[in-house]
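Me: I'd like to get to know this protein at the level of its residues. Could you take my questions one at a time?

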Amino acid sequence: MSSDSAPLHSSAVIDEAVQTLRNGGLVAIPTETVYGLAADARNPEAIKKIFAAKGRPSNHPLIVHLAAPDKFDQTQIDWVALLAPWARDVSEDALKLINQFWPGPLTLVFKKDKSVLNELTGGQDTVAIRAPAHPIAKELLRKFKGAVAAPSANRFGKVSPTSAADVREEFEGMLDLMVLDGGDCKVGIESTIVDFSSGEGAVLLRPGAITPGEILSKTGVKVYLPGENKTSNEEKVLPKVSGSLKAHYAPTTPLRLYASGRVLDALSEFPDTKSRVAVAVWDSESSLSHDGHPSARFEEVEVSSDSTVFASRLYRCLRDLDQQGWDLILFPEPPAGEEWDGVRDRLQRACFGSGPSSNNHESN
Ligand code: TXA
Ligand code: MG
């Protein structure tokens, strides 16, 4: 057994979760990115329960999560055989990414096998697949001997949960949900999504911890941005990804970004001088000076200037601040550089969808 497969849950609890999945129920599972709301990927009724619980439109496709076999030597895993029931036309380039990054925070989109349920793909002819690396997700999937469909375990448009407590809070009073507690998610933002389904190159649909630069340097495969290679067509790509809606991952407290040194500019939209404002500041910078501002009450929260650490704490920080009753949350604009693309993407969408009306925001 590999060292990370030690169960954090008793195997009786995992067995109960497996049984719940077999019975067509939902189980919230930890993954290395965010918590997922899992159902048997071959059971249409179970999949419908996911959409109902999340309040997610039925044409927004889900990711299939496959078990990574418990092999010490990852290169010995026969991913082609494991993918065969789900995906068609798995290219050599796709296999290079799989061998390098699975199990891990990378989702790949392929043409779907005809057996894959329309309920899962939102009626599309493609399917998104990943093998999560979290030991509990791996153990559950191995025991289940199937695949689970799992979106992030949040209400549609809201901040994704990175702890078991976040999941419980998200569905409190609505759903009696079994939640497997795997601790805090290490990556903290959702998986990188790369689309191979056009058969003509790889296209980045959602930035995440694994960047195109890392993919290129470790596999030699070039991943294009949407619209960057002539075969991809942004209009076709964008509606496939619910996280690509402008407003997403959003807190109910208004959230804005400020350019370096320009906190006061970001306040101009909020003329109420009694505002209580939480300001995230880089840990690498000395404290802000608020001299000269009328009377808004500021409190500083330090955020890491390391992109990996920042990502791992972003949703935790947004959730905590959202509960503290601030009138406004300010975050510094992430610096340039692709290692920041994942958090920049999430922060921009979170800003767009934030505010008290985000509960019924049409595009959340
Ligand atoms: O890290 C993650 O990916 C997490 C954990 C739980 O695995 N899952 C996650 O799922 O973020 P969800 O449903 O919140 O986001 C999945 C994204 C959606 O934006 C969806 O539109 C996109 O994947 N997606 C699913 N199937 C697709 C397909 N066939 N083509 C393009 N995008 C697809
Ligand atoms: Mg989500």
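What follows is a set of questions and answers on this predicted model.

Me: How many helices and strands does the secondary structure come to?
Reply: Happy to start with the overall picture. The protein has 364 residues, of which 54% count as buried. Its secondary structure comes to 12 helices and 15 strands.

Me: What percentage of the contacts with a separation of 6 or more joins residues 24 or more positions apart?
Reply: The count here takes in contacts in the protein with a separation of 6 or more. Within that set, the share from residues 24 or more positions apart is 67%.

Me: What share of the accessible surface belongs to carbon and sulfur atoms?
Reply: The accessible surface of the protein comes to about 15900 Å². Of this area, the share of carbon and sulfur atoms is 49%.

Me: Over which residues is the pLDDT below 50, with 11 contacts beyond near neighbours in sequence?
Reply: The protein averages a pLDDT of 88, and 87% of the residues score at least 70. One stretch with a pLDDT below 50 has 11 contacts in the model beyond near neighbours in sequence, and that is residues 1–7. Another, where the pLDDT stays under 50 and the model has eight contacts beyond four places in sequence, is residues 232–239.

Me: Is Asp89 buried or exposed?
Reply: Asp89 sits in the loop between strand 4 (87–88) and helix 4. Its phi is positive, about 55 degrees, although Asp89 is not a glycine. The relative accessible area of Asp89 is 59%, and the cut-off is over 50%, so Asp89 is exposed.

Me: What is the relative accessible area of Lys145?
Reply: Lys145 is in the loop between helix 6 (135–144) and strand 7 (148–149). Lys145 has a positive phi, near 60 degrees, and is a residue other than glycine. Lys145 is exposed, with a relative accessible area of 72%.

Me: Are helix 4 and helix 8 roughly parallel or roughly perpendicular to each other?
Reply: The axes of helix 4 and helix 8 (residues 212–219) are 10 Å apart, and the two helices pack at an angle of about 95 degrees. Angles from 65 to 115 degrees fall in one class, so helix 4 and helix 8 are roughly perpendicular.

Me: Which residues of helix 8 meet helix 4?
Reply: From helix 4, the contact takes in Lys96, Leu97, Gln100 and Phe101. By class, the contact of the two helices has three nonpolar, two polar and three charged residues. On the side of helix 8, the residues are Glu214, Ile215, Lys218 and Thr219.

Me: Which residues is Gly55 in contact with, leaving aside its neighbours within four places in sequence?
Reply: Gly55 is in the loop between helix 2 (44–54) and strand 3 (63–65), and at 40% relative accessibility it counts as partly exposed. The C-alpha atoms of Gly55 and Phe156 are 5.6 Å apart, although the two residues are 101 apart in sequence. The contacts of Gly55 beyond four places are Arg155 and Phe156.

Me: What distance separates the C-alpha atoms of Pro151 and Ile50?
Reply: Pro151 lies in the loop between strand 7 and helix 7 (164–171) and is buried, with a relative accessible area of 6%. Its contacts beyond four places in sequence include Tyr35, Lys54 and Leu62, along with Ile50. Pro151 and Ile50 are 101 residues apart along the chain, and their C-alpha atoms are separated by 8.1 Å.

Me: Is Ser152 buried or exposed?
Reply: Ser152 is found in the loop between strand 7 and helix 7. Leaving aside neighbours within four places in sequence, its contacts include Val34, Gly36, Lys54 and Ser160. The relative accessibility of Ser152 is 16% and the cut-off is under 20%, so Ser152 counts as buried.

Definitions and conventions. Residues numbered from 1 in each chain as written. Chains lettered and ligands numbered in written order. Predicted model: local features only at pLDDT ≥ 70, side-chain atom pairs only at ≥ 80, totals over all residues. Heavy atoms only, no water. Helix = DSSP H or I, 4+ residues; strand = E, 2+ residues; numbered from the N terminus. Buried < 20%, exposed > 50% of the residue type's maximum accessible area, 1.4 Å probe, protein only. Contact = heavy atoms within 4.5 Å. Areas by Shrake-Rupley, 256 points an atom, 1.4 Å probe, with all protein chains shown as cover. Axes fitted to C-alpha atoms, helices over the stretch in contact; angles between N-to-C directions. Parallel < 35°, antiparallel > 145°, perpendicular 65-115°, else oblique. Nonpolar A, V, L, I, M, F, W, Y, C, P; charged D, E, K, R; others polar. pLDDT = per-residue confidence, 0-100.
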